[in-house]
Amino acid sequence: MRYRDLFGQTQRQAPRFPAEDGRHWLMRGGYLYEAAEGGVWLPLGQRLLQNLAAVPQAEGLPQTLPLGWPPPPLPWPRTLPPLLQKLLEAHVHAYRQLPRLLAGWHGDRWYALAVDESAAAARARLHPFWERWHQALHEGGVVLAEAEAASAAAVLASTQSRASAQALACPRCGYHGLQPWARRQKSAPPAEPLQPLTPVATPQANTIRSLAEFLGVPESRTAKAVFLETVGASPRLVFAVVRGDMQVSLPKLAHCLGVQGLRPASEEAIRRVGAVPGYASPVGVKGAWVVVDDLIPQSPNLVAGANREGYHFTGVNYGRDFQADLVADIVAAAAGDPCPRCGAGLEARPAHPILHWQAWEGPPTYLDAAGKARPVGVAALLLDGYAALTALAEANHDQAGLAWPPALAPFAVHLIALRGGEAQAESLYAALQEAGIPVLLDARKASPGVKFADADLLGFPWRVTVSKRSLAQGGVELKPRRGEARILPPEAALARLRSAL
Ligand SMILES: [Zn+2]
């Protein structure tokens, strides 16, 4: 392609966005145009999107069917969006129609849907796509916030809007965890002999703080009980136990229970299982789903409620005095908490969710092989191309402009023809095209300074300059975007580019 045929120009300024924002460089490079009225991807930006689009077309991925409608607006609801529900009701009736994978681009967003025999199966079907995107972004230098606490399925499954998403980052080791999935380090207290379970009168001490003050123990020696109810047709009572100095993360808890959502339980429901609000503990409780944070079994001799008004127990020990149905990481991490990898204080950072992920279960239902009606499993995956390219531009620029990773660059070579080198540039242009190397030829009547500055702003991996001077020195000037220039005979330059790309 020739520079003069492009639509879109480099810009001296992009006051709309500060220089640390990737969009500043996308606008200055003539990739993106944005105004108060809206935004447009210019032809060069479209080439970036095409290269992004090629990522899930790589070999080894399952075939997808084209998808003809845009993703439901974010944040995605916890229950199947109504349009999707009706669509599946009309078109999916039996297991023979499953699984199905649909995917397509809608503007700058890639949206994929898997329909399968369960939500987990649908999720698993989209996972290879997820991994491919993840890898491409990672290779492009984008720091992805992750949540190892949840399964990969929940990673970046942020259903929050772009502006409100937050990550916790470690300034020392680089750990990034997207909220609310971020993890924190939990140090177990030293082991000590188990004390007997002893009731103590704790009048008025119905909060962790007042309890710790009253007994003169740190909050880390207490256990906090949180009663919740699952959201849905037949709510189940969930009893979550964390250390008194920590908070329960409802999304983590819901995820590890595999439920859609949780809400605070009513006082009546709490009393029904034999617990007393304000003085509750799992000791003696029956009929609730007990989930304890993984630090609790390692914390001996805790203070916990006695399920009796005005009383607590000391010497409460997991295993001996109570059991759990599930032990998992269910605490929320916050800024200042120790990094799960290295222990340094975590810092809050804004995050741009690039990949969105959600799974749902029907209604509607389908008939399985045995003729039994089962809820249809659906999973959706969305790549926000705008967020992806913004993040990639942020990770790949310097003060002169962009510096695209070769896999995503709109063109591999920026070929500049200067005075006296026009004919040689034309023949190299033809040879590069022949070799299948994407090249942009800048043969405009502009000064070398302007052309070089534009090449830096656009940021293709290689700049090749042909001028009277370079020819006098023995060939063409070959320069990686962030490296030193050298003169090579045209054939050698071509061979070098071929091997590099
Ligand atoms: Zn760290």
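# Close-up views of the predicted model

**View A. Just after helix α10, G459 takes a positive phi of about 75°.** The structure is a predicted model, in which local features need a pLDDT of at least 70 and side-chain atom pairs count only at pLDDT 80 or more, while totals for chains, interfaces and linings use all residues. Residues are numbered from 1 along each chain as its sequence is written. Helices (H or I, at least four residues) and strands (E, at least two) are DSSP runs, numbered from the N terminus. Helix α10 covers residues 448–458, and K451, D454, A455, D456 and L458 are buried in it. A residue is called buried if 20 or more other C-beta atoms lie within 10 Å of its own, exposed if 12 or fewer, and partly exposed in between, with C-beta atoms placed from the backbone. Contact here requires that the C-beta atoms of two residues, placed from the backbone, lie within 7 Å.

**View B. A412 occupies the loop between β20 (401–402) and β21 (413–417).** With 19 other C-beta atoms within 10 Å, A412 is partly exposed. Leaving aside residues up to four places away in sequence, A412 touches P406, I437, P438, V439, F460, P461, W462 and L501. V55 lies 357 residues from A412 along the chain, and the C-alpha atoms of the two are separated by 17 Å.

**View C. Five strands form an open sheet in the order β11-β9-β10-β12-β15, with mixed pairing.** The edges are taken by β11 (262–264) and β15 (326–328); each has a single partner strand, so one side of each is left without a neighbour in the sheet. From one strand to the next the twist averages 35°. Helix α6 (residues 250–257) packs on the sheet, where it touches β10 (237–243), β11, β12 and β15, and its direction makes about 125° with that of β11. These angles run from 0 to 180 degrees between N-to-C directions, the axes being lines fitted to C-alpha atoms, for helices over the stretch in contact. Two strands are said to pair if DSSP finds at least two bridges between them.

**View D. Strand β10 has pairing partners in β9 and β12.** Seven of the seven residues of β10 are buried, so the strand is largely enclosed by the rest of the structure. Strand β9 (residues 223–230) pairs with β10 in the antiparallel sense over seven bridges, with F227 standing opposite F239. The two strands form a hairpin with six residues between them, and G232 in the turn has a positive phi of about 150°. By contrast in sense, β10 and β12 run parallel and are joined by four bridges. F239 also stands opposite V290 in β12. Strand β12 (residues 289–293) is in turn joined to β15 by three bridges, and these strands run parallel. In that pairing, D293 stands opposite A328 of β15.

**View E. An open sheet of three strands, in the order β8-β14-β13, has antiparallel pairing.** Its edge strands are β8 (198–201) and β13 (302–308), each of which pairs on one side only. Direction ignored, neighbouring strands of this sheet are turned by 40° against each other on average. Four bridges join β13 to strand β14 (residues 311–316) in the antiparallel sense. Within this pairing, L302 has V316 of β14 as its bridge partner.

**View F. The protein chain is divided into domain 1 (3–142 + 354–392), domain 2 (198–328) and domain 3 (411–500).** These bounds come from an automatic or database domain assignment. Between domain 2 and domain 3, the C-alpha centres lie 68 Å apart. The chain has 12 helices and 25 strands. Its radius of gyration is 29 Å, well over the 23 Å that the globule rule gives for 501 residues, so the chain is more spread out than a compact globule. The radius is taken over C-alpha atoms, and the globule rule is 2.2 Å times the number of residues to the power 0.38.

**View G. Over residues 147–163, pLDDT stays under 50.** pLDDT is the predictor's confidence in each residue, from 0 to 100. For this stretch the model has 47 contacts beyond four places in sequence. The protein chain averages a pLDDT of 90, and 95% of the residues score at least 70.
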